[in-house]
Amino acid sequence: MNEYPKKVLVITKNLMFIPRIESEAGSLAKVKKISSIQNLKDELKDSKIIAALIDLEDSDSTWEPILKELQTTLEYPTLTIAYGPHKNIALMDKAKELGCDHVLAKGAFLTKLRGILKSIV
């Protein structure tokens, strides 16, 4: 069986935050930014998605369809971690209702990301 490259998808339009995520992911997995269903389909070819990181500060019309597509398309479990402003409780609750495994405030997200990824690699 071929071992496909492991990837962490970041569903965001915020390019400024990507280097911090890459730093935390380190050598555990390649980090790829996506912002559409088509981007997701392209990334599913010849790779194993170990986690999807969802920026709740993006419009939910961007991340919600991608999350649903991930949940219905993949034949293996993928960890979903949503992160956003700690003051937006309603948005965090929505991410939980949609089945995200972890929903974290942005500061806690960066602090815990490497440990979470290590637990699944």
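Two strands pair if DSSP finds at least two bridges between them. Strands E3 and E4 (residues 79-84) pass that test in this predicted model: five bridges join them, and the two run parallel. One of the contacts sets alanine 51 against leucine 79, its bridge partner in E4.

Five strands make up an open sheet, ordered E2-E1-E3-E4-E5, with parallel pairing. Its edges are E2 and E5 (102-105), each of which pairs on one side only. On average, neighbouring strands of the sheet are turned by 25 degrees against each other, direction ignored. As for what holds such an arrangement, strands of a sheet pair through backbone hydrogen bonds, either parallel or antiparallel.

Now move to E1 (residues 6-11). Towards E3 (residues 48-55), E1 forms six bridges in the parallel sense. Isoleucine 11 has isoleucine 54 in E3 as its bridge partner. Towards E2 (residues 30-34), E1 is joined by five bridges, again in a parallel run. Here valine 8 stands opposite valine 31 of E2.

How many of the six residues of E1 are buried? Five are, so the strand is largely enclosed by the rest of the structure. Buried here means under 20% relative accessible area.

Next come the helices on the sheet. H2 lies across E1, E2 and E3. Its direction runs at about 155 degrees to E2. H3 also packs on the sheet, where it touches E1, E2, E3 and E4. The direction of H3 makes about 155 degrees with that of E3.

H2 and H3 also meet one another. H2 (residues 37-44) and H3 (residues 60-73) pack at an angle of about 35 degrees. Their axes are 9 Å apart. The crossing is right-handed. Which residues of H2 meet H3? They are Ile37, Leu40, Lys41 and Leu44. On the H3 side, the partners are Pro65, Ile66, Glu69, Leu70 and Thr73. By class, the residues of this contact divide into six nonpolar, one polar and two charged.

Notes:
Residues are numbered from 1 along each chain as its sequence is written. This is a predicted model: local features need pLDDT of at least 70, side-chain atom pairs count only at pLDDT 80 or more; totals for chains, interfaces and linings use all residues. Side-chain values use heavy atoms; hydrogens and water are left out. Axes are lines fitted to C-alpha atoms, for helices over the stretch in contact, and angles run from 0 to 180 degrees between N-to-C directions. Helices (H or I, at least four residues) and strands (E, at least two) are DSSP runs, numbered from the N terminus. A crossing is left-handed if the near helix is turned anticlockwise from the far one by less than a right angle, and right-handed if clockwise. Contact means heavy atoms within 4.5 Å. Ala, Val, Leu, Ile, Met, Phe, Trp, Tyr, Cys and Pro count as nonpolar, Asp, Glu, Lys and Arg as charged, and the others, Gly among them, as polar. Buried means under 20% relative accessible area, exposed over 50%, partly exposed in between (1.4 Å probe, protein chains only).
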